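Take a look at the model below. We'll walk through how some of its pieces sit against each other, then finish with a few local details.

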Amino acid sequence: MFTRSRSVASHVLIVLGGILVFVVGLSTLTAYTQAVRHVEDAAAARVLDIARAVAATDDVREALASDDPAAELTEVVERARQLTATDFIVVMSPGGVRYTHPTAGLVGGQYAGTIAGAAAGGEVVEQFTGSLGPSTRAVVPVLVDGEVTGLVAVGLRRDRVSQHLAATLPQVLLPGLAAAVLAGAGAWWVANRVRQQTLGLNAVELRRLHDHHDAVLHAVREGLVITDTSGNLQVVNDEARRLLGLAPDAVGRPVSELGIAPGLAALLAARGQHVDVPHVSGGRVLLVSCDVVRRKGAVVATLTTLRDRTELAELTGQLATTQSLADALHAQAHEAANKLHTVITLIEVGRSDAAVAFATQDLDASRRQRDAILAAVEEPAVAALLLGKVSQAAERGVALDLDPDAHLPAGVVQPHPVVTILGNLIDNALDALATGSGGAAPEIVVDAQVSAGEVVLTVSDNGPGLEQDQRERAFERGFTTKDASGPAGRGIGLALVRQNAELLGGRVTVSDPPGATFTVTLPVAAHG
């Protein structure tokens, strides 16, 4: 039968408990040993002090000098014993013959204990088992003019010393018990915290969980980022490092200090749900999705996924450009068909001169406009776009003009992104003018200038323009001031404009109303 091993928290509790028992036990034993030594030393010091005091009294000295020391000392010594609360005071001759003893039958007998040191003028302190049982005793000499005339022994039975030691035990054990309770509570708290942090798993389960986590983290093809509630980076996989260009020491640092765009950094630490928000980072188009991670109802982290959609964005831009060119060609074809129909009708009615004049006049105007665009815009793809858009605008009753001072040399921009940018800006202007131009003739003006290492592209219209709140959201994917239509809806063009501009390292701005002027500033393209 499978038995689940103890959790990490249980191991922590067992280890802490073992350390606790050892430390508290050792501390209590040390305190007890010190208490025993203190009581023993106190008992020895007490009997020694009493023996000295008795030996120094005149009554004892005079009694030892009398003819019957025993008779003279009995009352004096008994009174001293009672006053000092000792178990015995024995006064004896220098040879150890007792003059006094609590047991009268032992008076006159030989003292049972060590007296050699005291008889020589010194002092003796010892543990000895005598006629009254085990005791702590001291023996001191009675000196008269430097001569030992007798000895005084004072003792306390060991059971009385033990009683005093027992009285001190609460002072020793209670602090140890309190320390054990506090340390036990601390060990339980630590183990409980470990249990919460490790989810009650044992070491094998944690290792397996780590291995699975590490495998998934590095195998997933999307970028994965986890930040804590303080906005610090906690987990990042290899793909996210690649997409964001993160340094090896990025983990643990605030996302605001990782060198990524402020908007993307704010999203990585966001406290809400966001799905497929486009961001540009390091020349890449990323779709960013994030949501909070909750544990027991509390927010503990933010999980963010990053998907690289750079190639898809480029294809989308190219598709939009192709669609724009197709619309322009359709407009030109439609306009040419109308003019051709007019010329044919004039010929049919016999007005050949009028037909020639009509065709020549229109041809001259088209040639002059085409020549002006081709002279100012030397990039072929951009010039072709503008020529097509002129016809498309004319079909919708809008005049699309190129600024007289416009000049875009060949090679200063990358054609595909710029075609996407200008095509979407002109389409946006056409849609804006469809809602009105304040009574004036609807007009769009395109300008291109190169200076100080920058290319500045401008598309202006005399439509209603964008209010402050609309300007702030104009470049968000899905935002539009018009009704959505078509299978893809609206709100994509200006998002593509900003996306392509940022991919080229540029920026986009829009003016206040009336009208709207979109200005795209790009660095001059590097030549390899």
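## Helix 12 against helix 14

Helix 12 and helix 14 are roughly antiparallel to each other, where that label means an angle over 145 degrees, with under 35 counting as roughly parallel, 65 to 115 as roughly perpendicular and the rest as oblique. Their packing angle is about 150 degrees, and the axes are 9 Å apart. (Axes here are lines fitted to C-alpha atoms, for helices over the stretch in contact, and angles run from 0 to 180 degrees between N-to-C directions.) Helix 14 covers residues 493–503. Helices (H or I, at least four residues) and strands (E, at least two) are DSSP runs, numbered from the N terminus.

Which residues meet here? From helix 12 come P417, T420, I421, N424, L425 and N428, and from helix 14 come G493, L494, L496, V497, N500 and A501. Contact means heavy atoms within 4.5 Å. Helix 14 has L494, A495, L496, V497, Q499, N500 and A501 buried, with buried meaning under 20% relative accessible area, exposed over 50%, and partly exposed in between (1.4 Å probe, protein chains only). After helix 14 comes G505, with a positive phi near 85 degrees.

## About the model

This is a predicted model, in which local features need pLDDT of at least 70 and side-chain atom pairs count only at pLDDT 80 or more, while totals for chains, interfaces and linings use all residues. Residues are numbered from 1 along each chain as its sequence is written, and side-chain values use heavy atoms, with hydrogens and water left out.

The chain has 14 helices and 14 strands. Of its 528 residues, 36% count as buried. Looking at contacts with a separation of 6 or more, 56% join residues 24 or more positions apart.

On the helix 11 side the contact uses A381, V382, L385, L386, K389, Q392 and A393, and on the helix 12 side P415, V418, V419, L422, G423, I426, D427 and L430. Sorted by class, that gives 11 nonpolar, two polar and two charged residues.

Elsewhere, helix 2 (residues 58–65) and helix 3 (residues 69–84) have axes that come within 7 Å and cross at roughly 160 degrees. Helix 2 is therefore roughly antiparallel to helix 3, and the crossing is left-handed. D59, V60, A63 and L64 of helix 2 touch P69, E72, L73 and V76 of helix 3. The classes here are six nonpolar, no polar and two charged.

## The largest nonpolar core

In soluble globular proteins, nonpolar side chains tend to be buried together. A nonpolar core is a set of buried Ala, Val, Leu, Ile, Met, Phe, Trp, Tyr and Cys residues joined through side-chain atoms within 4.5 Å. The largest one here has 42 residues, and I444 and V520 have the most contacts inside it. Elements giving two or more residues to this core include helix 10 (352–376), helix 11, helix 14 and strand 14. Helix 12 gives the most, with nine residues.

What does V520 touch? Leaving aside residues up to four places away in sequence, V520 touches I421, L425, V455, V456, L457, V497, A501, R507 and V508.

## Details in the loops

D145 isn't a glycine, yet has a positive phi of about 55 degrees. D145 sits in the loop between strand 3 (133–144) and strand 4 (147–157), and is exposed at 81% relative accessibility. A452 also has a positive phi of about 55 degrees without being a glycine. You'll find A452 in the loop between strand 11 (443–451) and strand 12 (454–461), exposed with a relative accessible area of 81%.

Finally, look at the peptide bond from P513 to P514, which is cis, with omega near 5 degrees. P514 lies in the loop between strand 13 (507–510) and strand 14 (516–523).

Methods
Ala, Val, Leu, Ile, Met, Phe, Trp, Tyr, Cys and Pro count as nonpolar, Asp, Glu, Lys and Arg as charged, and the others, Gly among them, as polar. A crossing is left-handed if the near helix is turned anticlockwise from the far one by less than a right angle, and right-handed if clockwise.
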